[in-house]
Amino acid sequence: MRNADGWAALHRGGPLEPWSFARRDLLADDVAVRIDYCGICASDLAAIRHGSAFPVVPGHEMTGEITAVGSAVTGFRVGDQVAVGNIIDSCGVCPPCLAGRENWCEQFPTLTYGNTDRKDGMPTRGGYSSEYVLPARFTYHLPAALDPAAAAPLMCAGVTTYVPLKSRGAGPGRTVGIVGMGGLGHIALKIAHHLGAEVVQFTRTADKADEARALGADDVVVSTDEKAMARQKGRFDLILDTVGARHSVEPYMTALAMDGTLCLVGIPQGNIEVSPLSLIQGAKNLAGAGSGGTAETREMLDFCAGHGITADIELVRPDGIGEALDRLDRNDVRYRFVIDMAAARRP
């Protein structure tokens with residue numbers, strides 16, 4: 001077994017504190033990754049404060065360096081800069097897996113933390129730690145054009161927004177709305193802009209308008225302004241809803257053009273309500289998306305490297321994780337916290 005040092009919540013709602021644990025020795029197809037940076041996702045906060053499996057070492061947005069490779073690994077070598085996301089294994093034989101869309105594995109993918117590893121039976125521990133051991137198939141070369149710290153959130157927020165934007169046709173001649181301008185939304189805005197779509201940012205307050213335009217928005221609509229929302233009727237081919245808080249989606253259904261799609265990537269608390277007529281009138285679509293498979297993740301990283309897309313981040317030291325989580329809970333971040341895990345190795 002390999003020793004790892006991390007930051008864990010030992011019980012529900014508990015503080016993050018230093019904690020040592022074991023990773024497996026490398027299997028033939030494994031790599032070991034020294035973690036340099038790890039993003040803080042809203043799902044980390046949920047796992048710490050509302051989860052059921054403890055201790056929990058959160059974190060599923062990692063960049064770092066290969067420190068060891070298994071005997072059968074040919075695609076990586078020690079010293080390679082890499083990225084790791086929220087899926088670290090899958091069954092490998094079901095139709096989604098064979099299509100490179102392992103996030104929809106019919107046996108359910110192995111998640112980076114809070115899951116049971118299908119190979120060794122151990123609880124999976126996340127990226128708030130010194131090292132990760134995983135199959136090479138779920139490890140990605142980090143393009144040299146991407147800053148490792150700012151690229152870490154691409155492994156969750158980036159792929160979660162890139163996949164539905166690309167697959168649902170965001171591009172020239174299409175009008176795309178982005179609901180919410182947080183960790184997911186600000187990256188979605190950048191991606192939609194570079195895909196060539198006309199991009200409109202929906203935001204609850206006007207104070208983000210200038211920032212939205214700087215990130216690539218062609219227009220900004222204040223969603224709390226009923227008159228402004230009424231003027232959006234029939235405008236959008238695609239609306240990507242990134243909001244995790246409870247809210248009504250009916251105004252966005254109204255804003256869709258004929259055959260338009262509202263795609264949810266945020267996970268609001270409770271159920272959403274949609275009038276059947278909102279779907280029937282105009283033959284509109286309500287869809288969802290989440291994460292991405294290996295092929296889509298590689299494509300996303302290459303796309304972001306080609307267009308200079310990374311997250312807007314605030315870097316924090318490991319001993320500042322607790323404060324960062326409290327601020328995230330208050331939505332006090334523009335737009336993503338990233339932990340400088342390498343700081344724990346510096347004097």
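Colleague: At what angle do helix α1 and helix α11 pack, and how far apart are their axes?

Modeller: In this predicted model, α1 (residues 42-50) and α11 (residues 321-329) pack at about 105°. Their axes are 10 Å apart.

Colleague: Why is α1 called roughly perpendicular to α11?

Modeller: Angles of 65 to 115 degrees count as roughly perpendicular. The angle here is about 105°, so α1 is roughly perpendicular to α11.

Colleague: What makes the contact between α1 and α11?

Modeller: Contact means heavy atoms within 4.5 Å. On α1, the residues are Ala42, Leu45, Ile48 and Arg49. On α11, they are Leu325, Asp326, Leu328 and Asp329. The contact divides into 5 nonpolar, no polar and 3 charged residues.

Colleague: Now α4 and α10. How do you know which class their crossing belongs to?

Modeller: The axes of α4 (residues 157-167) and α10 (residues 294-307) come within 10 Å and cross at roughly 95°. The perpendicular class runs from 65 to 115 degrees. Therefore α4 is roughly perpendicular to α10.

Colleague: Which residues make that contact of α4 and α10?

Modeller: Gly158, Val159, Tyr162, Val163 and Lys166 come from α4. Glu296, Thr297, Glu299, Met300 and Phe303 come from α10. They divide into 5 nonpolar, 2 polar and 3 charged.

Colleague: What makes the protein as compact as a globular protein of its length?

Modeller: It has 11 helices and 17 strands. The radius of gyration is 20 Å, and the globule rule gives 20 Å for 347 residues, so the protein is as compact as a globular protein of that length. The C-alpha atoms fill a box of roughly 60 × 40 × 35 Å along the principal axes.

Colleague: Why is a space inside the structure called a cavity and not a pocket?

Modeller: A 1.4 Å probe fits in a cavity but cannot get out, whereas a pocket is open. The structure holds 2 cavities of 30 Å³ or more.

Colleague: What lines the largest cavity?

Modeller: Lining residues have an atom within 4 Å of a cavity point. Among them are Ala22, Arg23, Arg24, Asp117, Asp120, Tyr132 and Val133. β2 (16-23) and β8 (131-135) each supply at least two lining residues. The lining divides into 6 nonpolar, 1 polar and 5 charged.

Colleague: What is the volume of the second largest cavity, and which residues are closest to its centre?

Modeller: Its volume is about 80 Å³. Of the 14 residues lining the second largest cavity, Asn86, Ile87, Tyr140, Gly292 and Thr297 are closest to its centre. That lining divides into 5 nonpolar, 8 polar and 1 charged.

Colleague: Which peptide bonds are cis, and what is their omega?

Modeller: The bond from Phe54 to Pro55 is cis, with omega near 0°. Pro55 lies in the loop between α1 and β4 (62-69). Another cis bond joins Arg334 and Tyr335, with omega about 0°. Tyr335 sits in the loop between α11 and β17 (336-340).

Colleague: What is phi at Ser291, and where is Ser291 found?

Modeller: Phi of Ser291 is near 55°, a positive value in a residue other than glycine. Ser291 is in the loop between β15 (285-288) and α10.

Conventions:
Residues numbered from 1 in each chain as written. Predicted model: local features only at pLDDT ≥ 70, side-chain atom pairs only at ≥ 80, totals over all residues. Heavy atoms only, no water. 1 Å grid on protein atoms, 1.4 Å probe; cavity = no way out; pocket = protein on both sides within 12 Å on 5 of 7 lines; lining within 4 Å. Points joined across faces, edges and corners; volume = space filled by probe spheres on them. Helix = DSSP H or I, 4+ residues; strand = E, 2+ residues; numbered from the N terminus. Nonpolar A, V, L, I, M, F, W, Y, C, P; charged D, E, K, R; others polar. Axes fitted to C-alpha atoms, helices over the stretch in contact; angles between N-to-C directions. Parallel < 35°, antiparallel > 145°, perpendicular 65-115°, else oblique. Rg over C-alpha atoms; globule rule 2.2 N^0.38 Å.
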